[in-house]
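Morning, everyone. I have one structure to walk you through today. Please take a look at it first.

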Amino acid sequence: MLQTLSDLPQEIVFGPWVLALLGLAVGSFLNVVIFRMPLILERQWWADVASQLADRDSFRRVFRAEAPAGVTQAGSALTKTLASLKRLSIAQPGSACPACGHRLRWFENIPVASWIALGRRCSACKTPISARYPLVETGVALLFGVTAWRLGGHASVLLWCGFGATLVALAVIDWDTTVLPDALTLPLLWAGVCTAAFGWLPALTLQRSIEGVVVGYLSLWAVYWLFKLATGKEGMGYGDFKLLAALGAWLGWQAILPIVLFASILGALVGIGMKLTGSLREGRFVPFGPFLAGGGIAVMLIGLGPVLDWLGWG
Ligand SMILES: [Zn+2]
């Protein structure tokens, strides 16, 4: 009989079934990140505004005049209002119904199963619970399962699962808010560079990773400025450059062009589709991040070699 976890063969521990289960739990956590991180960031921006309004010295430096009383008063009023808010972080408070604040008990917080068992409604106020939650959970479970099937059998598959999970969070947050938080893109980038530096993935050398960062960042940066100089408009944001730099850190510079091609074509198709069906709200744009993230996941799963062969660049 198997005594400990370490006696189990690696193919099982890091195989599709175990990792799909892990994916369910990680998906449940990502739901919290997806819901809270934009709120936490927005709070932070208000806090920045408040401290800026209250900063008389800074006002004097920039405007060469004393700050009008209204400005500093607004600053201290805002500071007070911010201080009255309940604490919010990824870990605290525990999960609750967004409609009535009902705290979820442990059996109401089991991925997918609770959503079905509760009849897709909050047990306290009966407000429907969004299908987004079980969809993210099953999506990440599927992603981890397929990643293990393609790249599994060894502990290094956990690195790729972390890469994929971060991309899922970034894609959904960008879709919701058109913001790609630095708090996710930059750690993803550094994680790729460190993975390469420590030699944790055989095919990823440090040089290859850094070339990926440079090519990833600069390629979109150049497209951004060409587009801006030609049309006076901004076609994407700096978050997109950082995301593509992070993808380069993990996948190498050769992956950049296939990812951008894939993201541009799919993004354009989705944008046209949304315009035609009228589901694109006025003044809003289709974010690029979800398609870049999708391209990164596709290259991870298919492998760079087959992708380049398929494009005829192999
Ligand atoms: Zn409720």
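I'll start with the overall picture, then take a few helices in turn.

First, a caution: this is a predicted model. The protein has 13 helices and zero strands. So what do you meet as you read along the sequence? The pattern is α-α-α-α-α-α-α-α-α-α-α-α-α.

Now the dimensions. Along the principal axes, the C-alpha atoms fill a box of roughly 75 × 55 × 45 Å. There are 314 residues in the protein, and 31% of them are buried. Next, contacts. Take those with a separation of 6 or more: 70% of them join residues 24 or more positions apart.

Let's go to helix 6, residues 132-151. Which residues of helix 6 are buried? Among them are Tyr133, Pro134, Val136 and Glu137. Further along, the list includes Leu143, Phe144, Gly145 and Thr147. What covers these buried residues? The cover includes helix 2 (16-54), helix 5 (113-117), helix 7 and helix 12 (289-302). After helix 6 comes glycine 153, with a positive phi, near 90°.

On to helix 7, residues 157-177. How many of its 21 residues are buried? The count is 15, so helix 7 is mostly covered.

Last stop: a pair of helices. Two packed helices are described by the angle between their axes and the distance between the axes. Here the pair is helix 8 (residues 182-197) and helix 9 (residues 206-231). Their axes come within 8 Å and cross at roughly 160°. Helix 8 and helix 9 are therefore roughly antiparallel to each other. Their crossing is left-handed.

Which residues meet there? Helix 8 brings Leu189, Gly192, Val193, Ala196 and Ala197. Helix 9 brings Leu206, Arg208, Ser209, Ile210 and Val213. Sort the residues of this contact and you get seven nonpolar, two polar and one charged.

To recap: 13 helices, zero strands, a mostly covered helix 7, and a roughly antiparallel pair in helix 8 and helix 9. Thank you.

Note on methods: Residues are numbered from 1 along each chain as its sequence is written. This is a predicted model: local features need pLDDT of at least 70, side-chain atom pairs count only at pLDDT 80 or more; totals for chains, interfaces and linings use all residues. Helices (H or I, at least four residues) and strands (E, at least two) are DSSP runs, numbered from the N terminus. A residue is buried if 20 or more other C-beta atoms lie within 10 Å of its own, exposed if 12 or fewer, and partly exposed in between; C-beta atoms are placed from the backbone. Two residues are in contact if their C-beta atoms, placed from the backbone, lie within 7 Å. Axes are lines fitted to C-alpha atoms, for helices over the stretch in contact, and angles run from 0 to 180 degrees between N-to-C directions. Angles under 35 degrees count as roughly parallel, over 145 as roughly antiparallel, 65 to 115 as roughly perpendicular and the rest as oblique. A crossing is left-handed if the near helix is turned anticlockwise from the far one by less than a right angle, and right-handed if clockwise. Ala, Val, Leu, Ile, Met, Phe, Trp, Tyr, Cys and Pro count as nonpolar, Asp, Glu, Lys and Arg as charged, and the others, Gly among them, as polar. The expected span of a helix is 1.5 Å times one less than its number of residues.
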